[in-house]
Amino acid sequence: MLARALEHEGISTTSISLVREHTEKVKPPRALWVPFPFGHALGRPDDPELQHCVLRATLDLLNEPVGPVLRDFPESAEPGDQPPAPPQASGIKPAEQVPDDVAMETMQMRRYHERWLEKSGGRTLLGLTGIPATRFRGVVRFLEGFADGQDVEMPERPPEVPLPNFIRYCADDLKALYFEGHLAMKPAAGGEEIARWFWGETGAGRLLRRVRDRLDASDDPRWKAAAFGIAR
Amino acid sequence: MPRLDRLPQISRNNLLTFPAQVNDTAPFVRPGKPLAACRLAIVTTAGLHVRGDRPFTPGDQTYRVIPSDTPTRGIIQSHTSIGFDRVPTMRDVNISFPIDRLRELVARGELGGLGPSCYSFMGAQREVRRIETETGPEVARRLRAEGVDVALITPT
């Protein structure tokens with residue numbers, strides 16, 4: 001759809017497609033369907049060779065004389081080590097015992113996250129709230145108050161960002177801290193393993209389930225949407 | 001993506017009921033020159049943006065500009081759907097925004113060059129009217145003004 005808007009203005013486009021069924025309907029001018037899971041459009045992270053292969057096949061479509069053209073990348077290229085989509089919280093049974101003190105747990109994760117930053121050269125997906133990891137104790141307290149049904153607020157919330165959206169940014173930043181921290185602890189861990197650990201074994205996972213429950217109990221569709229985005 | 005029948009039911013249902021646009025034909029502009037002479041820009045629907053830029057919200061039909069010389073550590077993602085795995089993006093943003101790979105193609109002379117800006121939209125949109133009629137064409141006009149011949153469109 002975006003491709004069509006660009007072509008109408010004279011820009012040639014070529015796209016990578018993840019959902020073949022959708023691409024067949026939308027009919028972009030040129031698309032390469034790839035057999036990779038969501039979140040893996042170019043194949044595998046830190047695998048420049050495979051990424052170049054996908055890129056080359058996508059750019060080659062520009063040589064096609066007529067369109068629309070939808071070509072398949074070889075299915076044998078599918079990485080067999082990852083599930084098609086990460087497991088959801090509802091499918092993961094929490095452990096009998098998870099840490100009660102989430103603020104303390106978060107401070108411990110911060111140490112691992114600092115290691116992650118050293119290894120990644122400063123790359124992190126943490127940053128949607130604009131609150132640095134050093135002040136995440138406050139984010140945890142805010143989320144705990146919200147989950148407990150209190151009327152909570154954070155001075156860092158910009159006035160134009162509605163409360164449920166801000167809560168989702170807080171949840172996403174917290175997830176980034178834990179997931180990237182886990183990658184520093186266990187560099188080979190995949191998304192499924194980290195999701196099982198986060199939702200099953202951490203106090204933060206339990207807290208976000210409770211945040212989700214309060215959002216989902218609301219009649220306001222924006223609250224429900226935030227709940228669906230945090231845990232399902 | 002792997003075939004729909006391999007997905008968990010909740011994801012499959014979400015995709016099967018997704019209101020994808022249905023078209024019979026497609027506009028088709030052939031690049032007037034070989035790739036080695038083309039200027040290219042990434043247009044992504046992965047909800048990426050420069051750190052500190054305004055995050056996307058669900059249903060947001062606006063776009064963000066990512067200067068092509070932005071270092072990868074300066075890029076974050078507010079498309080945080082839990083339907084997909086974010087770990088690959090944490091490891092390597094090239095997984096949906098192959099800016100380093102494109103720089104390599106330019107260095108090897110296989111691609112003419114990069115436009116000064118890449119553009120980013122939010123993905124998984126159910127209502128796209130404004131992108132179709134307003135923000136999409138606006139990005140196209142900006143790309144044209146920046147001398148871009150080819151857009152590489154990438155999802156999350």
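This is a predicted model: local features need pLDDT of at least 70, side-chain atom pairs count only at pLDDT 80 or more; totals for chains, interfaces and linings use all residues.
Let me begin with chain B. Its secondary structure consists of 4 helices and 7 strands. Of the 156 residues in chain B, 44% are buried. Consider next the contacts in chain B with a separation of 6 or more: 79% of them join residues 24 or more positions apart.

I turn now to chain A, and to one pair of strands in particular. Strand S2 of chain A, residues 30–33, pairs with strand S3 of chain A, residues 69–72. The pairing is parallel and extends over 4 bridges. To get from S2(A) to S3(A), the chain passes through helix H3 of chain A, residues 48–60. This β-α-β crossover is left-handed. Within the pair of strands, Trp33(A) stands opposite Asp72(A), a residue of S3(A).

Where is Pro29(A) placed? Pro29(A) lies in the loop between helix H2, residues 20–26, and strand S2 of chain A. Is Pro29(A) buried or exposed? Pro29(A) counts as buried because it has 26 C-beta neighbours inside 10 Å, and the cut-off for a buried residue is 20 or more. Leaving aside neighbours within four places in sequence, Pro29(A) is in contact with residues of chain A, including Glu7(A), Thr13(A) and Pro68(A). Its contacts in chain B are with Ala26(B), Pro27(B) and Phe28(B). As for Leu61(A), it is 32 residues from Pro29(A) along the chain, and the C-alpha atoms of the two are separated by 9.5 Å.

That brings us to the place where the two chains meet. Here, 69 residues of chain B are in contact with 68 residues of chain A. Several elements of chain B each supply at least two residues to the side that touches chain A, among them helix H1 (9–16), helix H2 (87–91) and strand S4 (75–77). Which element gives the most to this side of chain B? The answer is H4(B), with 8 residues. By type, the residues on this side of chain B are 39 nonpolar, 17 polar and 13 charged.

Strands also pair between the chains. Strand S1 of chain A, residues 12–17, is joined to S7(B) by 4 bridges, and the two strands run parallel. Thr13(A) stands opposite Ala151(B), which belongs to S7(B). Thr13(A) is also one of the residues in contact with Pro29(A).

Thank you for your attention.

Key:
Residues are numbered from 1 along each chain as its sequence is written. Chains are lettered from A and ligands numbered from 1 in the order in which they are written. A residue is buried if 20 or more other C-beta atoms lie within 10 Å of its own, exposed if 12 or fewer, and partly exposed in between; C-beta atoms are placed from the backbone. Two residues are in contact if their C-beta atoms, placed from the backbone, lie within 7 Å. Two strands pair if DSSP finds at least two bridges between them. A crossover is right-handed if, with the strands pointing away from the viewer, the path from the first strand over the helix to the second runs clockwise. Ala, Val, Leu, Ile, Met, Phe, Trp, Tyr, Cys and Pro count as nonpolar, Asp, Glu, Lys and Arg as charged, and the others, Gly among them, as polar.
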